[in-house]
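Please look through the sequence and the model below before reading on. The paragraphs that follow take the sheet, the helices and a few individual residues in turn.

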Amino acid sequence: MAGFFIFDIETVVNQELFEKTATKKQKDRYMDPEDDYFLPVVFHVPVAVSILFTNNCDEPVVLPNGKPYFFESTVSREPEKIVERFFELFYRAIKRSSEENIITDTTRNNAPIHHPVLVSHNGLKFDLPVLYMWGIKKYDSLSGLARDGLREFLNDRDSFENNRPNYTKRFSRFQLDTVELFPYSSLKSICYLYGIEVKTEMEGDGVEEFFREGKLHEIGRYCAEDVLSLARVVNMILRAKGENQLHLPDSHIEDCELRVV
């Protein structure tokens, strides 16, 4: 049985950095409407993060909100508020798992490890680098709780994960990135294959336009839809492995708390 911290982010392009530091080839490819080019991580600014913290324990562990899961989407024009919320909730998930004795794994000496599994779609190569890159940049403005979360994530002292996770390690057993399981496949394609409801608010390339137009609530809902769809994909994986499924909302995203800060 384990705790699962499922997340997704939305970003816009850091135009100033792009203009100052992008190569001519990067600029040409990005400006070419027929080139499906995705800019490197460094040019992305986080504007939204959605998080679903849950578990697959036999008996659902009820959280302080009275539910076996916590589901929230935060949107902001200030990137430090996005990374702060992510690392605050990540650290709280670790503490809550310990308090509720949600055991994800054990040490070599059979002591419990309470850190949750981080679940994403391409999070290893995109979402997480964007988050910790901006967390490092905005470190001085982060709350103490967020700093604790960032340190927990970046703690790579236990290379072989004998006693704690090494979340920075690509093949960490505390990371579940569905891109590693389904290479070169979009989350939308996987969901259609499995008959899972997918996004209705917009497409990913519309985030930039919605952000310029101030449609922050729509971005938050879009991000939340991704997270819930991903969680349902994970349930299908867990079922195929013969493991307990996650405790999830019955509805689509109505149970998600939307914050614009």
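In which sense do strand 1 and strand 2 pair, and over how many bridges? In this predicted model, strand 1 (residues 3-13) and strand 2 (residues 44-55) run antiparallel to one another and are joined over 11 bridges, with I6 standing opposite L52 of strand 2. In general, the strands of a sheet pair through backbone hydrogen bonds, and the pairing may be parallel or antiparallel.

These two strands belong to an open sheet of 6 strands, whose order is 7-6-1-2-3-8 and whose pairing is mixed. Strand 7 (175-177) and strand 8 (257-260) are the edge strands, each of them pairing on one side only, and from one strand to the next the twist averages 20 degrees.

Two helices can be followed against this sheet. Helix 3 lies across strand 1, strand 2, strand 3 (70-75), strand 6 (117-120) and strand 8, and runs at about 20 degrees to strand 2. Helix 9 (residues 216-240) also packs on the sheet, where it touches strand 1, strand 2, strand 3, strand 6, strand 7 and strand 8, and its direction makes about 140 degrees with that of strand 1.

Helix 3 has a helical partner as well: helix 3 (residues 79-99) and helix 4 (residues 123-137) pack with their axes 9 Å apart and at an angle of about 110 degrees, which means that helix 3 is roughly perpendicular to helix 4. On the side of helix 3 the contact is made by P79, V83, F86 and F87, and on the side of helix 4 by L128, L131, Y132, W134 and G135; sorted by class, this contact has 8 nonpolar residues, 1 polar residue and no charged residues.

The side chain of H44 reaches the backbone oxygen of L39 at 3.0 Å, and, if neighbours within four places in sequence are left aside, the residues in contact with H44 are T11, V12, F38, L39, F126, V130, M133 and W134.

N122, in the loop between strand 6 and helix 4, has a positive phi of about 70 degrees although it is not a glycine, and its relative accessible area of 28% makes N122 partly exposed. Y184, in the loop between helix 6 (178-181) and helix 7 (187-194), is likewise a residue other than glycine with a positive phi, here near 60 degrees, while its relative accessible area of 87% makes Y184 exposed.

Terms used. Residues numbered from 1 in each chain as written. Predicted model: local features only at pLDDT ≥ 70, side-chain atom pairs only at ≥ 80, totals over all residues. Heavy atoms only, no water. Axes fitted to C-alpha atoms, helices over the stretch in contact; angles between N-to-C directions. Helix = DSSP H or I, 4+ residues; strand = E, 2+ residues; numbered from the N terminus. Parallel < 35°, antiparallel > 145°, perpendicular 65-115°, else oblique. Contact = heavy atoms within 4.5 Å. Nonpolar A, V, L, I, M, F, W, Y, C, P; charged D, E, K, R; others polar. Pairing = 2+ DSSP bridges. Polar contact = N/O pair within 3.5 Å; in protein donor to acceptor, adjacent residues only side chain to side chain. Buried < 20%, exposed > 50% of the residue type's maximum accessible area, 1.4 Å probe, protein only.
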